[in-house]
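Have the structure open while you read.

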Amino acid sequence: MTMRTIRRTITFLRPFYLKGVDRLLPPRDYDVVTDEELIEGLSFSAYHRVSTAIFVPAPSGSAIEMVTIDPLDLQAA
């Protein structure tokens, strides 16, 4: 089973809510990580998404927390 990880940065210009996070998130750059798994047995390379997570500031302090999200919720935000 072959996995790949895609990392990207998404910029929000306004505060926003995200399903799975119970607070308003501030505008800033957010790192998003998507893990994908190779679909074996095909004559070409194809992957399917296993999980997507976003790194958000913790409610207090300087900690960062990773929240698993639905990519559609991220797009809606």
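Which residues are linked in a network of salt bridges? The second point has the reply; a word on the model comes before it.

1. **Ground rules.** This is a predicted model, so to speak of local features pLDDT has to be at least 70, and side-chain atom pairs count only at pLDDT 80 or more, while totals for chains, interfaces and linings use all residues. Numbering starts from 1 along each chain as its sequence is written, and side-chain values use heavy atoms, with hydrogens and water left out.

2. **The network.** The residues in question are Asp 22, Arg 23 and Glu 65. A salt bridge here is a side-chain nitrogen of Lys or Arg within 4 Å of a carboxyl oxygen of Asp or Glu, and by this rule the count comes to 3. Arg 23 bridges to Asp 22 with the closest N and O atoms 3.5 Å apart, and Arg 23 also meets Glu 65, at 2.5 Å from N to O. Glu 65 belongs to strand E4 (residues 64–68) and Arg 23 to the loop between E1 and E2, so this pair ties together parts that are 42 residues apart in sequence. Strands, by the way, are DSSP runs of E with at least two residues, numbered from the N terminus.

3. **How exposed is that network?** For accessibility, buried means under 20% relative accessible area, exposed means over 50%, and partly exposed is in between (1.4 Å probe, protein chains only). Arg 23 comes out at 18%, so it counts as buried. Asp 22 has 72% and is therefore exposed. Glu 65, with 29%, is partly exposed.

4. **Strand pairing.** Two strands pair if DSSP finds at least two bridges between them. E1 (residues 3–12) and E2 (residues 28–38) run antiparallel and are joined by 10 bridges; Phe 12 stands opposite Arg 28 in E2. E2 also pairs with E3 (residues 47–57), again in the antiparallel sense, over 7 bridges. Have a look at Val 32 there: its bridge partner in E3 is Ile 54.

5. Rings of Phe, Tyr and Trp (its six-membered ring) pair if their centres lie within 6.5 Å; planes under 30 degrees apart count as stacked, over 60 as edge-to-face and the rest as tilted. The structure holds 3 such pairs. One of them is Phe 12 with Tyr 30, edge-to-face at 5.8 Å centre to centre and 80° between the planes. Phe 12 lies in E1 and Tyr 30 in E2, so this pair ties together parts 18 residues apart in sequence. Phe 16 and Tyr 30 have ring centres 5.4 Å apart and planes at 85°, so that pair is edge-to-face. Phe 16 sits in the loop between E1 and E2 and Tyr 30 in E2, so the contact spans 14 residues of sequence.

6. **Charges over rings.** The rule is NZ of Lys or CZ of Arg within 6 Å of the ring centre and within 35 degrees of the ring normal. Arg 28 lies over the face of Tyr 30, 5.3 Å from the ring centre. The charged end of Arg 4 sits over the ring of Tyr 47, 3.8 Å from its centre.

7. **Arg 4 and Glu 36.** Besides Tyr 47, Arg 4 has a salt-bridge partner in Glu 36 (2.6 Å, N to O). The pair links distant parts of the chain, with Arg 4 in E1 and Glu 36 in E2, 32 residues apart. Arg 4 is at 37% relative accessibility, so it is partly exposed; Glu 36 is at 13% and so counts as buried. Contact means heavy atoms within 4.5 Å, and, not counting residues up to four places away in sequence, Glu 36 touches several residues, including Ile 6, Tyr 47 and Val 50.

8. **Thr 52.** Please check this residue in E3. With a relative accessible area of 2%, Thr 52 is buried. Leaving aside residues up to four places away in sequence, Thr 52 touches Val 32, Val 33, Thr 34, Val 67, Thr 68, Ile 69 and Pro 71.

Definitions and conventions:
Helix = DSSP H or I, 4+ residues; strand = E, 2+ residues; numbered from the N terminus.
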